[in-house]
Amino acid sequence: MLTQAKKDFIEFMMSADVLRFGDFTTKSGRKTPYFVNTGNYKTGLQNSKLGEFYAALVKETVGDNFDAMFGPAYKGIPLATSVSGALARTYGIDKPFFFNRKEVKDHGEGGNIVGYAPKDGDRIIIIEDVITAGTAIRETLPVLKACADVKVTDMFISVNRCEVGQTPGKTAVMEVGEEFGIKVHALVTVQDIREYLLGREDYAHLIPLMDAYMKQYCVF
């Protein structure tokens, strides 16, 4: 169901040129009529508003029932910092955050984790942009487990594309849930985007393209 919050987020992504419509090819070689590039967020106001959208979803789903949030390098780093600020500012939920370096630092404090040092038993939530094939999460979990015996309970993403993952009939989000026991929460799904376009005459031509794409690649 397309709530006002979802509609607001879709329009926010469009205004930032993060959600675009046209003729694109994804990294996996799939032709798609829409594309999400969170690398296009580049202003302080955009970063602040993005954090507020995520923070509202965190508050609604897990509240303060976690110990720290992790932002995987690279796009998860500004996301985690922005979300942690919005949670503290808006809801009084002041939780630590941390992120990883892709390259291990061998001087200064060393290591590949920056920020909070997780402890055994910590409940960690992951703040990420999107899940396409689930590759990033498979790389991220060993990094977290190498820090401490943590429990990763939930993951928050901008868009659930609902696309089939490595297993026929299952999306990458479903696979992450089954393989790692992580519940994935998305601000919007591909169905929400399609529903939004239905209400816009100027985007009516995209509906058949969206339908064809979803029929070929999506699992609901």
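A: Helix 2 (44-61) provides the largest share of the lining of the second largest pocket, 5 residues. Helices here are DSSP runs (H or I, at least four residues) and strands are E runs of at least two, numbered from the N terminus.

Q: Is this a predicted or an experimental model, and how are residues numbered?

A: This is a predicted model, where local features need pLDDT of at least 70 and side-chain atom pairs count only at pLDDT 80 or more, while totals for chains, interfaces and linings use all residues. Residues are numbered from 1 along each chain as its sequence is written, and side-chain values use heavy atoms, with hydrogens and water left out.

Q: Ok, which residues line the second largest pocket?

A: Among them are Thr3, Lys6, Phe9, Phe53, Leu57 and Leu187. Helix 1, helix 2 and strand 8 (183-189) each give two or more residues. A pocket is an open set of points on a 1 Å grid over the protein atoms alone, with protein on both sides within 12 Å along at least five of seven lines, and lining residues have an atom within 4 Å of a point.

Q: And what's nearest the centre of the largest pocket?

A: Lys27, Asp129, Val130, Thr132 and Ala136, out of 30 lining residues. About 870 Å³ of space lies in that pocket, and helix 4 gives the most to its lining, with 6 residues.

Q: Where does Val130 sit, and what does Val130 touch?

A: Val130 is in the loop between strand 6 (123-127) and helix 4 (135-147). Leaving out residues up to four places away in sequence, Val130 touches Val36, Ile157 and Val159; contact means heavy atoms within 4.5 Å.

Q: Switching topic: how do helix 1 and helix 6 cross?

A: Their axes come within 10 Å and cross at roughly 85°, so helix 1 and helix 6 are roughly perpendicular to each other (65 to 115 degrees counts as that; under 35 is roughly parallel, over 145 roughly antiparallel, the rest oblique). Axes are lines fitted to C-alpha atoms, for helices over the stretch in contact, with angles from 0 to 180 degrees between N-to-C directions.

Q: Which residues make that contact?

A: Lys6, Lys7, Ile10, Glu11 and Met14 of helix 1, with Asp192, Ile193 and Tyr196 of helix 6.

Q: Last one: is Gly199 buried or exposed?

A: Gly199 is exposed, with a relative accessible area of 67% (exposed is over 50%, buried under 20%, partly exposed in between, with a 1.4 Å probe and protein chains only). Gly199 is in the loop between helix 6 (190-198) and helix 7 (206-217).

Methods: 1 Å grid on protein atoms, 1.4 Å probe; cavity = no way out; pocket = protein on both sides within 12 Å on 5 of 7 lines; lining within 4 Å. Points joined across faces, edges and corners; volume = space filled by probe spheres on them.
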